[in-house]
Amino acid sequence: MAVTQPPPRGAVDTLAQSLRGELIEPGQPGYDSARALYNAMIDRRPALIARCVDAADVITCVRYARAEGIELAIRGGGHNGGGLGSVDRGLVITCRRCTASASIPMPGR
Ligand SMILES: Cc1cc2nc3c(=O)[nH]c(=O)nc-3n(C[C@H](O)[C@H](O)[C@H](O)COP(=O)(O)OP(=O)(O)OC[C@H]3O[C@@H](n4cnc5c(N)ncnc54)[C@H](O)[C@@H]3O)c2cc1C
């Protein structure tokens, strides 16, 4: 469900305090560069951009979006041609700062 109202202040503050990464809102320094996509023809204005640094941050953001009923976009490199790495008025999770990786052993390789 997409909502057009700004997310409640208290819930946004709680989200910001819960994250190890940074939470960026419209009007803050860096908002425009953080929302930019590779395809510059797509100009979306999320309500919140979370620069997640680990899986716990991502989980926190997904739970927040579910609880508040706001749309969510997950961004890796921001190269998706259709702009699916962003969303108007919703929450963008950007994973560029998630640096952890897992190695899964494959039998026979
Ligand atoms: C110039 C150019 C060259 C390219 N060359 C190649 C190439 O050589 N080979 C190739 O394979 N591809 C190529 N691509 C395509 C590009 O690599 C793919 O679109 C890739 O998926 C982008 O990855 P990303 O991490 O940048 O996605 P982002 O733009 O960060 O997009 C996020 C992805 O997450 C998904 N997503 C967003 N929100 C949600 C949600 N709530 N739930 C579930 N999923 C969600 C979106 O559908 C999207 O796929 C090229 C693209 C460009 C612009």
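Student: Let's start with a pairing: which residue in strand 4 does Leu 72 stand opposite?

Tutor: Leu 72 stands opposite Leu 91. Keep in mind that this is a predicted model.

Student: Which way do strand 3 and strand 4 run, parallel or antiparallel?

Tutor: Strand 3 (residues 72-75) and strand 4 run parallel, joined by four bridges. Strand 2 (residues 48-51) is also parallel to strand 4, and four bridges join those two. Within that pairing, Ala 50 has Ile 93 as its bridge partner.

Student: Are the faces of strand 4 covered or open?

Tutor: Both are covered in strand 4 (residues 91-94). Leu 91 and Ile 93 are buried on one side, and Val 92 and Thr 94 are buried on the other.

Student: What is Ile 93 in contact with, leaving aside neighbours within four places in sequence?

Tutor: Its contacts include Ala 50, Val 58, Cys 61, Leu 72 and Ile 74. Arg 75 is also in contact with Ile 93.

Student: And how many residues surround the ligand?

Tutor: There are 13, and the closest are Gly 76, Gly 77, His 79, Asn 80 and Gly 85. By class, the shell has five nonpolar, seven polar and one charged residues.

Note on methods: Residues are numbered from 1 along each chain as its sequence is written. This is a predicted model: local features need pLDDT of at least 70, side-chain atom pairs count only at pLDDT 80 or more; totals for chains, interfaces and linings use all residues. A residue is buried if 20 or more other C-beta atoms lie within 10 Å of its own, exposed if 12 or fewer, and partly exposed in between; C-beta atoms are placed from the backbone. Two strands pair if DSSP finds at least two bridges between them. A residue is near a molecule or strand if its C-beta atom, placed from the backbone, lies within 6 Å of it. Ala, Val, Leu, Ile, Met, Phe, Trp, Tyr, Cys and Pro count as nonpolar, Asp, Glu, Lys and Arg as charged, and the others, Gly among them, as polar. Two residues are in contact if their C-beta atoms, placed from the backbone, lie within 7 Å.
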